[in-house]
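Biologist: Could you walk me through this one? I have the display open and would like to go piece by piece.

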Amino acid sequence: MPKLAPPPQVAPETWRSLLDAASAFAAAKPWEFVWDTDVVGLIDPANGETRVGCVLGNAGQVYAAVFYRRAAAW
């Protein structure tokens, strides 16, 4: 079995930003008014690419936001 590369180091301020974003997302409770089939498009300010995403959780089981960064490789 091949060895896996070690996980990348993540700066503490990055973790804090991610936790802040997750807390804001949880407080907004978008799963109460958005269905899993609703799709949202965002423009990535870093490179201008379009990101397509959806909110999971309307079924009351999984709460998340999913954003697709690029086309799937088949």
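Modeller: β1 and strand β2 (residues 50–56) pair in the antiparallel sense over four bridges, where strands are DSSP runs of E with at least two residues, numbered from the N terminus, and pairing requires at least two DSSP bridges between two strands. This is a predicted model, in which local features need pLDDT of at least 70 and side-chain atom pairs count only at pLDDT 80 or more, while totals for chains, interfaces and linings use all residues. Residues are numbered from 1 along each chain as its sequence is written, and side-chain values use heavy atoms, with hydrogens and water left out.

Biologist: Which residue in β2 is the bridge partner of Ile43?

Modeller: The partner of Ile43 there is Thr50.

Biologist: And what order do the strands of the sheet take?

Modeller: Three strands make an open, antiparallel sheet in the order β1-β2-β3. The edge strands, each pairing on one side only, are β1 (40–43) and β3.

Biologist: Switching to Arg69, where is it found, and is Arg69 buried or exposed?

Modeller: Arg69 lies in the segment after β3 (64–68), and it counts as exposed because its relative accessibility is 53%, the cut-offs being under 20% for buried, over 50% for exposed and partly exposed in between, with a 1.4 Å probe and protein chains only.

Biologist: What is Arg69 in contact with, beyond its neighbours within four places in sequence?

Modeller: Arg69 contacts Glu49 and Arg51, contact meaning heavy atoms within 4.5 Å. Arg51 is 18 residues from Arg69 in sequence, yet their C-alpha atoms are 5.6 Å apart.
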